[in-house]
Amino acid sequence: MRPGALKLHRREGAPEFGRRSLIKILHTADIHLDSPLKSLALRNETLRDHIQSATRQAFARIIDTALAEGVAALLIAGDLFDGAQRCAKTAAFLSGQIERLRAAGIAVFYIKGNHDAENPITGEVALPDNVHVFDGRGGKVRLGDTDIWIHGVSFTGRHAPDSLLPKFGAPVPGAVNIAMLHSSLAGAVGHDTYAPCSVDDLAALGFDYWALGHIHKRQVYRDAPWIVMPGIPQGRDIGEAGAKSATLLTIEAGQITVEEVPTSVVTFLLHDIDVTGAESDDEIRQRVRSALHALSASLAPGETVILRLTLAGRTARHWQVLRDAAIWAETAVQIAEETGRLWVEKLCLALEAPRATAADTAATDEIARLMAQISTEAGFAAQALAEVEEVLAQLPPARRAALLPDEAAMSALVRDLAASGGTHLVALMKGASE
Amino acid sequence: MMRLRQLDLELFGGFSGQSFDFGAPRGDGEPDFHVIIGRNEAGKTTTMEGFLRLLYGFPHREPYDFLHQRKNLRVSGVLDIDGTEMAFTRLPNREPSLRDARGAELPTSALQAHLGGLSEEDYRNLFCLDDATIERGGEEITRAKGDIGRLLFSAAAGISDLSEVLDRVRAEADGLYRKRASTTRLASLKKDHAEVERQIRELDISAAQYRKLKQAADEADAEEKRALEHRRGLFAAKAQLEARGKALPLLGEIDALGARLVPFAAWPARLDIDPETLVRMLTDQATAQSREHALGAEIDTLRAELAGIEQHPEHLAISGEIEELDALRSRYMTADLDLDRRRRALSGILQDMRQVVARDLGASGDVDVDPDRLVLSSAALSDLDALRDAMRDAERLAETERSEVADLAARIVAAEEAQRKLAGEMSAGSDLEEVCARFDIDALSQRFIAATSAVEPARARAQGALDALSIKGQSFDAVPTCPLTLEEAEALLDSVQKVTLRHDAALREIGEHRAELAERAARIGRIKATSGLIEDAQAQSLRAGRDDLWAEHRAQLNAATAAEFEEAMVRVDTAMDLRLSHAADLGTLRQHEQDLAALEARAGLMDQQIAALAAERQTALDGLTSAVRQAGIGAPMMPEAFVAWLRKLGTAAQAAAELRRLQEDHRETFARAERLIERLAPLLRREEPRFEDIVAEAKAILTGQRAHKEKLRAARSRVEDLAGEREKRVAKLADMERKAASLRRDWAEKIAQLFPEAVNASLLEASLKPLHDLRALDTERIALERQVLGMEADQAQFSARVRDLGARAGVEVSEAPRADYDALVAKADEAVAAEEKSRDLEERIAAQDQALSETRRTLDDIRLAVEKMARLFPEGVETGSLEALRQAVSTAAQVIGDRGRLAQLERDLLATLALADLDAARQSLAETSQADLRARLEEVEADLETAEALYKAKIEARAAAEQELLSIGGDAEVVRLVERKTTLELEMQEAALRHLELSLGYHLADAAIRRYRDTHRSAMMQATETAFAELTNGAYSQLRTQIDGASETLLAFDSKGMARQAQDMSKGTRFQLYLALRAAAYEQLAHQGTSLPFFCDDIFETFDEDRTRSACRVMERLGRRGQAIYLTHHRHVVDIAREVCADRVQIHQIGV
């Protein structure tokens, strides 16, 4: 398609862009379409039915928002596809959704990110003609007959070790210039960098709005010019906790304002419940119940939340709770389910042991000390390592890789498992001697 | 630390006042080890049990109450608790059963606090060992029961439960994952995972497949479009031909219509007249005209009717008042019916009132009393009522009080009589009470009983022991004295026996000597007799004879001497030769002779010895015999019997001494009792009274006296009480009588004030009912009078009103008001009817007038409308009437319709041919015929059929391709499966990690528990092992535990390394193991700061001597940590203890 000649199918009666004094544009990135949610909460069938293919639902919400807001364009700043998900049905779904925008005369601007580049579907999908895909050489497109120009550079491969900024042309003078870039910016230590550049570099180029992608956590780096990472529209695991959104730009008289529009179907949330001073199981149960009900009441209407709960604080029931961890986990799941909107994927116990008492001279305490000592001994370490290796060999490679990204992870995992297993056993033994 | 300083079994089991003194605590490091020796039945077990009673109290079922009743049992002791000596006494009471030295109650905890938490059962099983408890407790310990058992195996409670925890964890871990197992959670998740992956593979569509399908769909779409284009062209051609065919007839029609419209060119192009409106106007006009006529006629008729009505306004005027009078009329009617009856009732009531006055109030017939005067107001009546009640109540109360006073007087007389009688009965007070008080008879009698119960058994024992001394018909009244002590007698007897033995042996020996002497002498005789042997003496004498002869010869040197000498020489030589030939016999003989001499010498010595021994024995026997005599025994006695008797004598002496001591102890009590008897006997007139009887009688008399005194005092106080009561009552009575009199005066005044004298006041005092009746009748009378008056007034009013109305209406009235009233009503009704009818007629006439004028206005309107429409048509068209107008409108409508049709036909033609103007149409249709057009049409239709088929095929192809592409669809099935797969993977990860957590935790706990056991077995086990090795003198050197399912058992290893459990050992060894366990437990507890007295009751019985020695050493060692007390009836154990411990053990005797 020729640059600057984007074909738009306008809705009947839609005002001409040029005559509009107020133009809206929706900016998103990192959709990772059809990437599955990773949560044990999905064992629950009700929840599964409710939020299945959440990344699709989130994308559909973005489309809904675009239609409802009457935006002029949707910007997708990379990673529309997920590297691992290569089903053609994903493409079919995508086409269907973009077709809705096309029918409404809304343009789509899309740059490929690292995940798009590795996904073979990306090349095969015949996107409707309202989509402009920037290539690796970069370019600029005028949005209809407005005074708005969209600039963008796509990834051409899975990696982009060098900055892509040199590929951007100069902004169009006197117009609103929006630049799309998929980049890890300065990056983080220990992670690959993608199209590295600094926020200052971006600010120096003279664009009015940098529509970024790649980092899954939303951040507005600067507001003059705007440098915005919209974040992933749907968190996929507890590592991507919090409500997710797309970013809506409103351009009026050459001035840009920015707001968040919610997109996530389900929110991952870390939540601590303090049980300090609780003297009985009933009291703890009551705390959990009231905490969850309060949380449920504070949610936006229709919001669904997957929780990773942590019980913290100092309670007299410390050992009993540790001992009955499985029962407590089930209890938390049940109580959450009562709300109809909260789902617990895991219950973590970060309880502090009650202050040492005379009873600490009991046999179990000495055994606990012995266990701690044995766990540091080389003989045990070797035996434990062998056992962990054997059992982990049973897991699918992807899980194994996620668990053990490097050599150090293995010994750390062995240590952690031994420590938590030891704590659990001590709790059980203390329970038995009650 | 608790130590038993002294144990007093005052009344317990077979003991009365048995006491054990374990002495002051030993110095540091010195063992506190005691052996109590006593014969069987002496009460060793009782001693141990008594100690337990002191600590824990008496059980509900007490087996040791066979001598003393349970309620009398009593055990005391002095305990050294942490260095402080405290005396405790245990009574068989309910709690608290513990007393201190002064007899004050102590809480149970006073002792329990120092028992290291041991229950009585624990104490018995651990530290009060006899045959039963050592075994029972030992088994429990080796089975890890009880605290000590757990201590042995685990050093702390709860460890044994942990193996169950571990088993559960192992089971849970195995449920999650087990090598090569297919039923674990992980395995089942793996299966599910594989299944989901398979489904994904089945459903998934790759990018390449997708691209191919998409291309195919695009191509099919393009082909379909091309076919559609071709088909569309053919359709256009066909339509063109068909249009021209349709256009030809249209053109012909247009031309014809144009010609027909020429004459009407001046007629209006539009006409806004609806022919229907004209028809409606025509109808309206005819209707209005006929209505106009009918209305005129009706109005005339109505006017005539109105004129004929007659009216009476004067009757009309009274109709309102007549209605008002209706209520009065009905009251008139009621009065007519009721009035007479009411009058009769009134006179009846007046009669009743007079009767009440005469009959009930006693007004005499000659004085006419007006009943009205006697009717009182209700206030006056109730005052009178109250006054009467008060008066009557006061009089009644006064009467009651009077009878009470009289009754009281009678009771006082009776009480005084009773008092006099009691005083008379009072016996002269004796000094019995004084004596009893002086002697404190209660305390004395208790002491006397205690003294008697202590002395009497002692006396019986002493007498018994004395009786036992009886021998050979001789009995003793007092304990005889014997110069010899038992030990001396035993020593004497011993020496007699020993001397006798030696004497007898010597006698036997000398007998043998003598036999040998005889034998030797016989042998010598025989040798000498048989061989003619020259004996040494003979040879010697021969030689001496020879030598003598030689000497003689030498001196004389003559032949005689020589011959004699020679003869002697020959005799000597012959003898020598003979002796030489019998040298052997001679040697034997010499030997015999030597032996004989030796034997004879020894026999002499022995005879001396025998004599000495006999003398010695005799001396000893004499000593004993003299002792027997001195002891006062007449009959001769064997020494052994004497020693036995002496033993009894010792017992008797001891019993006597005990009796004396007790008598001395209680002398004061007995003396006081004696003195008391002396003083009381004359008082009670008894001879030779027994103390108990006299005390009982004295007490009974005293009790009787006290009771009598108490009765007398009660009688006196009763008389006083009654007199006081009477005084009070009399005063009260006077008061009441005064009040009653005053009230009666008030009453009389009131009656006099209210009623004339004719009324009998006494009747009123009986009842006020006549007054109430009178008042009720009066009320009724007043009501009736009021009713009669009202009715008469109503009648008068009604008559007057009727007369007045009659006058006003001009109607003549009679004297019967009701008939007059009815006539007036009829007149008024007639007048009202006439009035209503004329008003109705007037209204109808006005309405018809109105309708008539409206009808005339409608007719005018129609006329004006017709004129207006006629002006629309050209000159010359007939429009004068509605009918003509209607005709013109119809014609105009026809013309306008034709004009529209022409325009329509022209438009249709242009549309059919798709041309802009009529000229072009005429031109296009010029020279065209229908036949020509049809021929061309058929040609096109044939082409079209082919194109249609092709198009359909293309649609199908495109639809199929599209369908195929569409079937991929955007559905989320694969996504869902991928999600499911991801979840399954997370679940697998969770299961694996959970398994690892559990498994690693299990390994850690397992190893830790093993280490814990290793470190903790030592303390208690080590101590047991050491003690057991010591007790078995090293035969068993090692103890180990063996885990056996959830429990552990104890194994002992002998020196050969053979393992044995307790039940496989001999009884002795088993007891040693059990004792070792107790020793270890004792040390363990001592280590924890609890050390308690440790009792053993003859548990060494089955031990051999060496092991008994070791056991004594163990006891001594325990004594160093606390206090060890061993009870036995074996003298040898005492000996061994002495041998092993020297003076570090204290020996106590029991039952001596």
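This is a predicted model: local features need pLDDT of at least 70, side-chain atom pairs count only at pLDDT 80 or more; totals for chains, interfaces and linings use all residues.
Biologist: How many aromatic pairs does a search of the whole structure find?
Modeller: The search runs over all chains. Its total for aromatic pairs is 25.

Biologist: Are the rings of Phe109(A) and Phe134(A) stacked or edge-to-face?
Modeller: Their centres are 6.3 Å apart. Their planes meet at 25°. Planes under 30 degrees apart count as stacked. The pair of Phe109(A) and Phe134(A) is therefore stacked.

Biologist: How many residues apart in sequence are the parts that this pair ties together?
Modeller: Phe109(A) lies in strand S3 (residues 107-111) of chain A. Phe134(A) lies in the loop between strand S4 (131-133) and strand S5 (139-142) of chain A. So the pair ties together parts whose separation in sequence is 25 residues.

Biologist: Is Phe134(A) buried or exposed?
Modeller: Phe134(A) has 3% relative accessibility. Buried means under 20%. Phe134(A) therefore counts as buried.

Biologist: What is the geometry of the pair Tyr64(B) and Phe66(B)?
Modeller: The ring centres are 6.4 Å apart. The planes stand at 50°, so the pair is tilted.

Biologist: Which of these two residues is exposed?
Modeller: Tyr64(B) is buried, at a relative accessible area of 14%. The cut-off for exposed is over 50%. At 56% relative accessibility, the exposed residue is Phe66(B).

Biologist: Which residue lies over the face of Tyr1002(B)?
Modeller: Chain A has a case of a charge over a ring, with Lys140(A) at 5.9 Å from the ring centre of Trp149(A). For Tyr1002(B), the distance from the ring centre is 4.9 Å. The residue over its face is Arg170(B).

Biologist: What area is buried between chain B and chain A?
Modeller: The contact takes 62 residues from chain B and 62 residues from chain A. Carbon and sulfur atoms give 69% of the buried area. In chain B, Glu979(B), Leu1000(B) and Leu1004(B) lose the most area to chain A, together 12% of what that side buries. The area buried between the chains is about 5,400 Å².

Biologist: Which residue of chain A meets Arg1011(B) in a salt bridge?
Modeller: The count between the chains is 4 salt bridges. In the one with Arg1011(B), the N to O distance is 2.8 Å. The partner is Glu377(A).

Biologist: Which element gives the most to the side of chain B that touches chain A?
Modeller: Elements giving two or more residues include helix H6 (159-176), helix H8 (207-260) and helix H28 (973-1031) of chain B. The top contribution is 34 residues. That element is H28(B).

Methods
Residues are numbered from 1 along each chain as its sequence is written. Chains are lettered from A and ligands numbered from 1 in the order in which they are written. Side-chain values use heavy atoms; hydrogens and water are left out. Rings of Phe, Tyr and Trp (its six-membered ring) pair if their centres lie within 6.5 Å; planes under 30 degrees apart count as stacked, over 60 as edge-to-face and the rest as tilted. Helices (H or I, at least four residues) and strands (E, at least two) are DSSP runs, numbered from the N terminus. Buried means under 20% relative accessible area, exposed over 50%, partly exposed in between (1.4 Å probe, protein chains only). A charge sits over a ring if NZ of Lys or CZ of Arg is within 6 Å of the ring centre and within 35 degrees of the ring normal. Contact means heavy atoms within 4.5 Å. Buried area is the accessible area (1.4 Å probe) that two parts lose on being put together, summed over both. A salt bridge is a side-chain nitrogen of Lys or Arg within 4 Å of a carboxyl oxygen of Asp or Glu.
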